[in-house]
Each structure stands twice: as structure tokens, then as C-alpha cells.
Amino acid sequence: MTLLPTPWIISESSHLSQAPASFVIDFAAQQYGMFSSPNMKDIHDKNLSFFSPQPFFIAGFFFPQQLFQLAWLYRLYKLDPKKPGERAELDQMVDFVPYYSVGNLCIATWMVFWNAERLDISNIFVIINSISQLYYVVAKLPPMNTNSTSSILTNIVSKTFAGIGVLDLLHNGSVAFAKDQPASTMVKVLTGVGFGLASAASDWIFGGCLVYDLVALSVGQSALDGGWSKMLGAFAVGSAAIVGAKNLARPPYNGPESGYSKTATDDMQDRV
């Protein structure tokens with residue numbers, strides 16, 4: 001008997017309902033968060049800390065990301081498992097469905113507790129979502145095949161979920177447990193080192209998300225701590241340089257322009 005590394009098991013017959021249902025639930029929760037009183041921005045403005053981003057950056061991220069989700073869901077529905085050429089693509093997409101669904105449900109539940117200003121409880125769902133998405137990207141997602149639409153969409157959706165999950169983890173954790181506190185020297189050092197190491201192991205997609213996270217934090221901190229905001233901006237520039245240099249030197253994707261032959265180690269690095 002094969003032991004699966006995850007408790008999530010999904011049948012072929014359920015993926016067509018599970019993934020879109022989780023999307024609809026999350027979308028409905030986002031509408032509640034935006035139009036309720038107080039709304040999610042009201043809660044954000046009342047609870048600030050050293051990792052509070054500019055909130056409109058989060059909205060600006062999720063709008064195009066949801067369009068990619070819709071394209072991914074359409075592809076998931078369109079592929080025919082009876083066709084050998086499409087079966088392999090569908091298998092990869094179905095493998096992501098449990099993580100995708102858990103992510104959407106965690107974000108939806110987070111919204112309920114965030115708007116109730118129970119930031120300690122909402123942080124639990126942020127942790128579950130962020131760790132789940134990062135685990136999938138690092139340990140399970142194959143390198144992107146530029147000749148496969150399904151592979152491209154799965155990589156974009158999963159890596160953007162994981163990328164914004166990093167920002168969510170920093171943001172919710174800081175306001176839940178360090179409200180109104182400035183960034184300590186240790187926080188600044190760990191932020192620079194952590195984002196630097198993550199950037200060095202990232203492809204264009206996840207690396208781009210890390211840069212976006214830092215820019216969102218820098219802009220958000222500009223009205224709270226000018227020095228910390230400038231440092232975060234410098235981290236963003238450094239992160240962008242690292243991501244660009246790494247991926248120009250060694251293109252991360254399978255395809256005719258990949259430029260190198262992957263080893264097992266390369267595959268692990270390029271899943272991020």
C-alpha cells in the first residue's frame with residue numbers, strides 16, 4: 001500500500017464540483033468583506049503594525065489573479081480524461097485541486113474572523129493556507145512546461161496563491177500579535193535575509209510575487225515608519241535584482257527556450 005504525503009484525496013468525479021464551489025464561496029466571502037460594515041479595510045485601518053501593507057495592493061493583486069483562476073477552472077472542466085494527450089495534463093491539475101480548494105476555503109473563513117476583528121483566529125486560517133500553498137509549490141508542483149496551457153495556468157495560480165500567502169502570513173501575524181509596534185532590528189534583519197534567500201530560489205512568477213509583497217509593504221509603511229518603508233523598498237529592488245539575475249542565468253521552465261538540462265536538484269529549486 002502506498003502512503004500518500006497528504007491527507008487530501010480527491011476522486012476524478014469530484015474535482016469538477018469541488019474546485020469551482022470553493023471559488024464561489026471565496027468570491028462571496030470577498031463581497032461580504034468589502035460591503036459589510038465594518039468592511040475589511042476598516043479593520044485594516046484600525047489594526048496596524050510593522051507588516052501592514054497598502055490594502056489596495058492586495059485588491060490589485062487578487063483581481064487579475066481571479067481571472068487566472070477562472071481560466072484554470074475552465075481548463076479543468078474542458079480537458080477530457082479519455083483522451084491520452086489530455087489525461088496527463090488533467091492529472092496535474094487535479095493534483096492541485098485539494099490545495100486550491102483548501103486555500104479558497106481558508107481565505108473565505110479568514111474573512112469572517114477578520115471582519116469580526118478576531119485577528120488571532122483569522123491568523124490560524126492564514127497559516128493553514130500559506131503553508132499548504134507553499135508546500136504544494138515546493139514539494140509537488142512540476143516545473144512549468146511552456147508548451148502546455150494547463151501547466152502554465154497551474155503554475156501561475158498556485159505560485160500566485162503562495163506568493164500572496166507570504167504577505168498574508170506576515171500581515172495577519174503582525175497585527176494579531178504585535179499591533180502598533182515598530183519593526184525591531186531582528187525583524188528587519190530576518191526580513192532582508194528571508195526575502196533574499198527566497199528570491200534566490202524563485203522563478204519569475206513566485207519571485208515577482210515576493211517583489212510585489214515588498215512593494216506593498218513599503219507603500220503601506222510609508223505613513224507609519226519612513227525609515228522602515230525605505231528599507232523595504234530597498235529590499236524590493238534587491239529582490240527584483242536577485243530574481244532577474246537568477247532566472248536570466250538559468251531559465252527555470254521546460255520548453256525550447258529552457259537552455260539547460262534539468263537535474264533532480266534543479267527540479268526541486270525551480271518548483272518555487
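This report describes the fold, cores and aromatic pairs of a predicted model.

## Basis and confidence

Residues are numbered from 1 along each chain as its sequence is written, and side-chain values use heavy atoms, with hydrogens and water left out. In this predicted model, local features need pLDDT of at least 70 and side-chain atom pairs count only at pLDDT 80 or more, while totals for chains, interfaces and linings use all residues.

The mean pLDDT (the predictor's confidence in each residue, from 0 to 100) of the protein chain is 87, and 88% of the residues reach 70 or more. Over residues 1-9 pLDDT stays under 50, and the model has seven contacts (heavy atoms within 4.5 Å) beyond four places in sequence for this stretch. Residues 256-272 also have pLDDT under 50 throughout; for them the model has 37 contacts beyond four places in sequence.

## Overall fold

The protein chain has 10 helices and zero strands. Helices (H or I, at least four residues) and strands (E, at least two) are DSSP runs, numbered from the N terminus.

Of the 272 residues, 46% count as buried; buried means under 20% relative accessible area, exposed over 50% and partly exposed in between, with a 1.4 Å probe and protein chains only. Among contacts between residues at least 6 apart in sequence, 77% join residues at least 24 apart. The accessible surface (Shrake-Rupley method, 1.4 Å probe; for residues, only the protein chains shown count as cover) comes to about 12,800 Å², and 68% of this surface belongs to carbon and sulfur atoms.

## Nonpolar cores

A nonpolar core is a set of buried Ala, Val, Leu, Ile, Met, Phe, Trp, Tyr and Cys residues joined through side-chain atoms within 4.5 Å. The largest one has 23 residues, of which Phe-50, Phe-51, Leu-167, Val-187 and Trp-228 touch the most other members. Two or more residues each come from helix 3 (55-78), helix 6 (149-177), helix 7 (185-200), helix 8 (204-221) and helix 9 (226-249). Helix 8 gives the largest share of this core, six residues.

Not counting residues up to four places away in sequence, Val-187 touches Phe-50, Phe-51 and Trp-228. A second, separate core of 19 residues includes Trp-72, Phe-96, Tyr-100 and Val-157.

## Aromatic pairs

Rings of Phe, Tyr and Trp (its six-membered ring) pair if their centres lie within 6.5 Å; planes under 30 degrees apart count as stacked, over 60 as edge-to-face and the rest as tilted. By this rule there are 16 aromatic pairs. Trp-72 and Phe-96 form an edge-to-face pair, at 5.4 Å centre to centre and 80° between the planes. Trp-72 lies in helix 3 and Phe-96 in helix 4 (residues 84-115), so this pair ties together parts that are 24 residues apart in sequence. Both Trp-72 and Phe-96 are buried.

Phe-96 also pairs with Tyr-136: the ring centres are 4.8 Å apart and the planes at 40°, so the pair is tilted. Tyr-136 lies in helix 5 (residues 119-140) and Phe-96 in helix 4, so the parts tied together are 40 residues apart in sequence. Ring pairs link Trp-72, Phe-96, Tyr-99, Tyr-100, Tyr-135, Tyr-136 and Phe-161 into a cluster.

Leaving aside neighbours within four places in sequence, His-171 is in contact with His-44, Phe-51, Ser-52, Pro-53 and Trp-114.
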